[in-house]
Amino acid sequence: MDVLLKVDKLFGGYDKENVLDDITFDIKKGEFLGIIGPNGSGKSTLLRLMSRVLHPRKGRMLFEGKEISTLKLRELCKRVAFVPQDTQINFSFSVWEIVLMGRIPHLGRLQLETKKDFTIAENSLSLTTSLELKNRKIDQLSAGERQRVIIAKALTQEPILLLLDEPTSHLDIGYQIQILDLLRRLNHERKLTVVIVLHDLNLASEYCNRLILLNEGRIFKEGTPEEVLTYQNIETIYKTTVVVNKNPISSKPYITLVSGERLCQQN
Ligand code: ADP
Ligand code: MG
């Protein structure tokens, strides 16, 4: 598989604090890559660096072979869309206005949207089951509704690389599966490359071809779900006891959490 984004010896953080330490990995075209790790391990920082919200301290990121910082932001936004962890918007835009903003990188200066742009935006709302929210105000939605709308906006950009930071954290299990199934379908049918931060290790196991396990700003382990989601790795990094079985339907690793108190009772 061709490399879409090469992350090479990357260091990054905030003010005086360095968060990411010497991160190197490739994102291949068409893959569904999961980034997992405990709170504060640097997952969001990594996605902010890859989407150019944050500038690296050191290191290189090559997007289709070109240093990402040299690309015009408009050109980058035609190819890469980012769904941040915090989707709160403090302006009273309508959902329709927000989703249409996804077309901005594709429009010329002062150029208005055409029928094609409206169709793409409407289709994205429909794909994320948010069409009925079209005329609502974004600041009057529940967190889960807002999360679906922000994903619709990202799809409206028609990216080839979609970066998502915990995009299902506010969704009920029905919507979680619906959004992840949608991402998998777009990954298969449109060859959309997906990089997703997920807290839920079972969802990461189920949907991702490859996982990167971050810990304290470094890559602890990288590989298939089977290679990464071993009980030893999980217990070492998350400091909690787990049992790893197989999901009876997909045969992917399935993690069962074990209460510390119950373990004490058994011993
Ligand atoms: P994760 O997404 O894995 O939970 P983050 O990348 O958000 O972790 O955070 C990594 C570290 O960076 C944490 O120690 C956090 O406190 C710090 N951090 C995150 N965002 C900021 C910020 N805007 N300013 C300063 N420090 C931050
Ligand atoms: Mg985060």
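**Ligand 1, polar contacts.** I began with the oxygen atoms of ligand 1 in this predicted model, and found one of them 2.8 Å from a polar backbone atom of Gly-40. I then looked at Gly-42, where a polar backbone atom is 3.0 Å from an oxygen atom of the ligand.

**Ligand 1, shell.** I listed the residues around the ligand, and they include Tyr-14, Glu-17, Val-19, Pro-38 and Asn-39, the run Gly-40, Ser-41, Gly-42, Lys-43, Ser-44 and Thr-45, and also Arg-48. Sorted by class, this shell holds 3 nonpolar, 6 polar and 3 charged residues. Which element gives the most to the shell? I found that helix 1 does, with 4 residues, while strand 2 (17-28) and helix 1 (43-50) each supply at least two.

**Magnesium site.** I turned to ligand 2, the magnesium ion, and recorded Ser-44 (OG) and Gln-85 (OE1) as its coordinating atoms, at 2.1 to 2.3 Å. Ser-44 lies in helix 1 and Gln-85 in the loop between strand 6 (80-83) and helix 3 (95-100), so the pair ties together parts that are 41 residues apart in sequence.

**Ser-44.** Is this residue buried or exposed? I read a relative accessibility of 13% for Ser-44, which therefore counts as buried, the cut-off for that class being under 20%. Ser-44 is also among the residues around ligand 1, and once residues up to four places away in sequence are set aside, Ser-44 touches Gln-85 and Asp-165.

**Gln-85.** For the other coordinating residue I read 34% relative accessibility, so Gln-85 counts as partly exposed. Apart from its neighbours within four places in sequence, Gln-85 is in contact with Ser-44, Asp-165 and Glu-166. I checked the side chains as well, and a polar contact of 2.6 Å joins Gln-85 to Ser-44, while the side chain of Gln-85 makes another polar contact, of 3.3 Å, with the side chain of Glu-166. How far apart are the C-alpha atoms of Gln-85 and Glu-166? I noted a separation of 5.7 Å for these two residues, which stand 81 residues apart along the chain.

Terms used. Residues numbered from 1 in each chain as written. Chains lettered and ligands numbered in written order. Predicted model: local features only at pLDDT ≥ 70, side-chain atom pairs only at ≥ 80, totals over all residues. Heavy atoms only, no water. Near = heavy atom within 4 Å. Polar contact = N/O pair within 3.5 Å; in protein donor to acceptor, adjacent residues only side chain to side chain. Nonpolar A, V, L, I, M, F, W, Y, C, P; charged D, E, K, R; others polar. Donors = N, O, S within 2.8 Å, 3.2 Å for Na, K, Ca; no water. Buried < 20%, exposed > 50% of the residue type's maximum accessible area, 1.4 Å probe, protein only. Contact = heavy atoms within 4.5 Å.
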